[in-house]
Amino acid sequence: RDHRNFSKMASPQQEEELDPRIQEELERLNRAADEINSLELELDDSRASFRQLLTESTQRLNMLAKKLGSCVDRARPYYQARREAKEAQIETQKAVHWFDRATSMHNAAQHAGKETGQLCGQGTAVLPGTERG
C-alpha cells in the first residue's frame, strides 16, 4: 500500500539527464500513487464505519427481538402471506398479459385465415378435365 515516489528513484545526476517527457510521466505516476493512497485510506475508513454500523444494528435488532419476543413470531406468518400474495398478484398480471397477447394473435390468425379462404374461394376456376360429374 505504500506507493513510492518514483522520481526519487533516480539520482540527482540522472534526473538532470532525464528526458522532460520521462520526468513528466514520473510526476503523473507520483500523483496517481498519491491518489491511490488517499482512496485506500478512504476505503479503510468506510469499511470501519460499515463494521461499526453493522455491529450497532445487530445489537439493536437483538434488543428489539428480546423486547418484542413472541410478537414477532406471531406476526411472521401474516407478513409472509402478504409477500406471497404480492408475488402471486405479479405472476397473475404477467399471465393476463400473455393471455391477452395470445388471444390477440389467435384472433388475428383466424381473421387472416378467413380472408385467405375467401380469396381462395373467389379465385377458383374449373380447369378443363377436372369437372366432377
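Q: What are we looking at, in terms of helices and strands in the chain?
A: The model is predicted, and its chain holds 3 helices and 0 strands. Read from the N terminus, the order of elements is α-α-α.

Q: What is the mean pLDDT of the chain?
A: The mean is 84, and 79% of the residues reach 70 or more.

Q: And which elements have the lowest and the highest mean pLDDT?
A: Helix 1 (residues 12-17) has the lowest, at 61, while helix 2 has the highest, at 94.

Q: Let us stay with helix 2. How far does helix 2 reach from its first C-alpha to its last?
A: Helix 2 spans 71 Å with its 49 residues. That is close to the 72 Å expected at 1.5 Å a residue.

Q: What follows helix 2?
A: Gly69 comes next, and its phi is positive, near 55°.

Q: Which residues are buried in helix 2?
A: Gln23, Leu26, Asn30 and Ala33 are buried there.

Q: How much of the chain counts as buried overall?
A: Of its 133 residues, 5% count as buried. The chain exposes about 12,300 Å², and carbon and sulfur atoms supply 56% of that area.

Q: Changing topic: how many salt bridges does a search of the whole structure find?
A: The search finds 4 salt bridges. One of them joins Arg28 and Glu25, with 3.1 Å from N to O.

Q: Where do Arg28 and Glu25 sit relative to each other in helix 2?
A: They are 3 residues apart in helix 2 (residues 20-68), a separation of about one helical turn. An α-helix has 3.6 residues a turn, so residues three or four places apart point the same way.

Q: Which residue does Asp73 form a salt bridge with?
A: Its partner is Arg76, and the closest N and O atoms are 3.0 Å apart. Both residues lie in helix 3 (residues 70-122), 3 residues apart, which is about one turn of the helix. Asp73 is partly exposed, with a relative accessible area of 46%.

Q: What about Arg21: which residue is in a salt bridge with Arg21?
A: Arg21 pairs with Asp19, and their closest N and O atoms are 2.8 Å apart. Side chains of opposite charge can pair when their charged atoms come close.

Q: Is Arg21 buried or exposed?
A: Arg21 is exposed, because its relative accessible area of 61% lies over the 50% cut-off. Asp19, by contrast, is partly exposed, with a relative accessible area of 25%.

Q: Now the aromatics. How many aromatic pairs does the structure hold?
A: It holds 1 aromatic pair. Tyr78 and Tyr79 form that pair in an edge-to-face arrangement, with 4.9 Å centre to centre and 80° between the planes.

Q: Why does that count as edge-to-face?
A: The angle of 80° between the planes is over 60 degrees, so the pair counts as edge-to-face.

Q: Last topic: which residues form a nonpolar patch on the surface?
A: The patch consists of Leu64, Leu68 and Val72, which together have about 220 Å² of accessible area. Leu68 belongs to helix 2 and counts as partly exposed at 41% relative accessibility.

Methods:
Residues numbered from 1 in each chain as written. Heavy atoms only, no water. Salt bridge = Lys/Arg side-chain N within 4 Å of Asp/Glu carboxyl O. Buried < 20%, exposed > 50% of the residue type's maximum accessible area, 1.4 Å probe, protein only. Helix = DSSP H or I, 4+ residues; strand = E, 2+ residues; numbered from the N terminus. Phe/Tyr/Trp six-rings, centres within 6.5 Å; stacked < 30°, edge-to-face > 60°. pLDDT = per-residue confidence, 0-100. Patch = residues over 30% accessible without salt bridge, like charges linked within 9 Å, V, L, I, M, F, W, Y side chains within 5 Å. Areas by Shrake-Rupley, 256 points an atom, 1.4 Å probe, with all protein chains shown as cover. Expected span 1.5 Å × (residues − 1).
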